[in-house]
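Me: I would like to learn how to read features in a protein model. Could you go through them with me, one by one?

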Amino acid sequence: MLMPTAFPHFPSRSVLRLDGLWDFSFMEKCHDPLKPDLAKVTYTEKLAVPGVFDTMPQYAGKRGTAFYRTFITAPANARMLLKSGGLGMWGAFFWDGQFIGLQDLPYSGMEFEFNSGDGSCHELVAVIDNRFDFKRQPLLSQNYDYYCFGGIFRSIELHQLPPLAIDRAQIRTISLEGEIQVKVKLTGEHHKKIDVTYQIDDGEAVKLSCSVFHEIAAFNATVPNPSIWSTTSPALHTIAITVGNDTVVERFGLRTIKTEKGLILLNGEPIKLRGYCRHESHPEFGPALPLQVVLEDIQLLKKTGCNFVRGSHYPQDQRFLDLCDENGILVWEESVGWGDRENHLLDPAFQEAQLRQLPWMVKNSFNHPCVIFWGFLNEGDSSQPKTRKIYEQMIGTLRKLDETRLVTYASNAYIKDFNFDLVDVVSLNAYPGWYAANQETFRPIDEIRPKFNTFIKFLHESGFDDKPFIISEVGAGAIYGWRDRLRAHWSEEYQADFLDEVLTYFNETPRIAGIALWQFIDCRTYSSSRALGRPRAFNNKGLFDEYRRPKLAFDVVSKHFNKP
Ligand code: ADA
């Protein structure tokens, strides 16, 4: 089989990739971006898709409504599917002036089906809004410690669908010896029984007749020459599935992920997770990273000996996950949420949007062997009993969508957290030695061990010894190039000393199953007065700066992470 480079791949369909230059117009005060008067928009220039407009010289830092337009040739009255990989902060699509889809979940890959209508030349407009407005966009807020960019972050594709089409196929590992379960989700016209043909890698094509239940055709199969996926040997397999005139090629890995007695087991073997939280961010491209930058990040991650990335704080770019699959990097993927307090957590619109993110995230990333954790609600108000219900709902939804992965959330409620009993893995964000509890402490680094030791004691006393514990954030800021003989806060020296202590402690403490240092690269953040605590309006706790230049701590972290 000719090997595609991106998955899922639909070789039998007509697929238009819409990346390129689109006509562009910007309006600061569009009253209702869901009902724009498109006839009145004058397109004055061209902008790149994918791309963000609010780092471009003319629109830098601006908030408002952007109109992106392109023209497409498509047959009349055809069944079409628009696949948009992710945008921000809010978007709506119009086809020949008619509304076809709302992409209101930032960073989530979403899909919209519609009919192409009359004629063959069509206008596609994406209306993108990057204004903070809780009513329109309850998932993002100006308080979040990362810049909320405006634009089309990831590729857009247009598929022409046959009357019976394959949505996705989910592959589950039943045994590491190569037994898999395949669930093919169908859309369109189908009978209760359908003929399916599949081929795994270069094996023989197999034909079978399958019952369809709730639009899903399920069957078991055996990988002819199975190889297990692991961090040291990330073997991948492909399966091509044909139903009617539609074929999908999915890539997967044979691996299991479980917990036992406080340990994380990959393929039945304990593994200690060593890595970073990573933002998809760049001063010029925002989250619309060129593939070269994504690849550069992968190479830097590997260079420091990391085997784990927490994809903070949103559903990930599929190209990054593909590369993690290929390079044996484990991933925690999470939905959007950041430090939301009780008033947000109890708000019905916020909750609805929170829950609606999960099926998209799971659908898009299900077949990536690299993804081992589903996460949500970073630093939500988990010490408030009233918020427990939304935690239960998020976890319940995730488990229902995917019983094969572990569920967790990053807590900063420390020993006051109310919801640890619900998760598979307890994850704690804490900044001892940086945001010092006692500002008079002469050596703040001395706060690190007691802080985590107290937490480990709390877990023991709460009866959570069986749950793995990972440090999901810890870090110290360092401004690239700022060197200081006194090794003070913000210097590269302080960060290097800090991470040396954190990782010495981590390596010595078997109770800690993993660590995600905050953070991999510096990322742009607040433009408000909150930036007073964020010099340069960047979160400067990266091991690399925003241009991926290593700080002093690079050697320290590499030394610890590369220890056998
Ligand atoms: C948090 C948060 C991160 C970042 C970090 C920090 O706990 O989850 O996004 O803001 O703190 O740098 O303080």
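Predicted model: local features only at pLDDT ≥ 70, side-chain atom pairs only at ≥ 80, totals over all residues.

Me: Where does Arg131 lie in the chain?
Reply: Helices (H or I, at least four residues) and strands (E, at least two) are DSSP runs, numbered from the N terminus. Arg131 is found in the loop between strand 11 and strand 12.

Me: Which side chains does the side chain of Arg131 make polar contacts with?
Reply: A polar contact is a pair of N or O atoms within 3.5 Å; within protein, one must be able to donate a hydrogen and the other to accept it, and residues adjacent in sequence count only if both atoms are side-chain atoms. Another, of 3.3 Å, goes to the side chain of Thr65.

Me: Let's turn to the ligand. How many residues surround the ligand?
Reply: A residue is near a molecule or strand if one of its heavy atoms lies within 4 Å of it. Here 13 residues surround the ligand, and the closest are Asp145, Glu379, Tyr435, Glu473 and Lys541.

Me: What classes do the residues of that shell belong to?
Reply: Ala, Val, Leu, Ile, Met, Phe, Trp, Tyr, Cys and Pro count as nonpolar, Asp, Glu, Lys and Arg as charged, and the others, Gly among them, as polar. The shell around the ligand has 5 charged, 4 polar and 4 nonpolar residues.

Me: Which side chains have a polar atom 2.5 Å from an oxygen atom of the ligand?
Reply: Asp145 has a side-chain N or O atom 2.5 Å from a ligand oxygen, and a polar side-chain atom of Lys541 also lies 2.5 Å from an oxygen atom of the ligand. For the side chain of Asn378, the distance from an N or O atom to a ligand oxygen is 2.9 Å. The ligand taken alone exposes 320 Å², and the protein buries 95% of that; such areas come from the Shrake-Rupley method with a 1.4 Å probe, and for residues only the protein chains shown count as cover.

Me: How many aromatic pairs are there?
Reply: A pair of aromatic rings is described by the distance of the centres and the angle of the planes. Rings of Phe, Tyr and Trp (its six-membered ring) pair if their centres lie within 6.5 Å; planes under 30 degrees apart count as stacked, over 60 as edge-to-face and the rest as tilted. The count comes to 35 aromatic pairs. One of them is Tyr146 with Tyr314, edge-to-face at 5.5 Å centre to centre and 65 degrees between the planes. This pair links distant parts of the chain, 168 residues apart. Both Tyr146 and Tyr314 are buried.

Me: Why is the pair of Phe544 and Phe554 edge-to-face?
Reply: Their planes are at 65 degrees, with the ring centres 5.6 Å apart, so the pair is edge-to-face. Phe544 sits in the loop between strand 34 (538-539) and helix 8 (553-561), and Phe554 in helix 8. At 1% relative accessibility, Phe544 is buried, and Phe554 also counts as buried, at 17%.

Me: Which charged end sits over the ring of Tyr414?
Reply: A charge sits over a ring if NZ of Lys or CZ of Arg is within 6 Å of the ring centre and within 35 degrees of the ring normal. Over Tyr414 it is the charged end of Lys451, 4.0 Å from the ring centre.

Me: Finally, the backbone. Which residues does a cis peptide bond join?
Reply: One joins Phe7 and Pro8, with omega about -5 degrees. Another joins Val49 and Pro50, with omega also about -5 degrees. Pro50 lies in the loop between strand 3 (45-49) and strand 4 (51-52).

Definitions and conventions. Residues numbered from 1 in each chain as written. Heavy atoms only, no water. Buried < 20%, exposed > 50% of the residue type's maximum accessible area, 1.4 Å probe, protein only.
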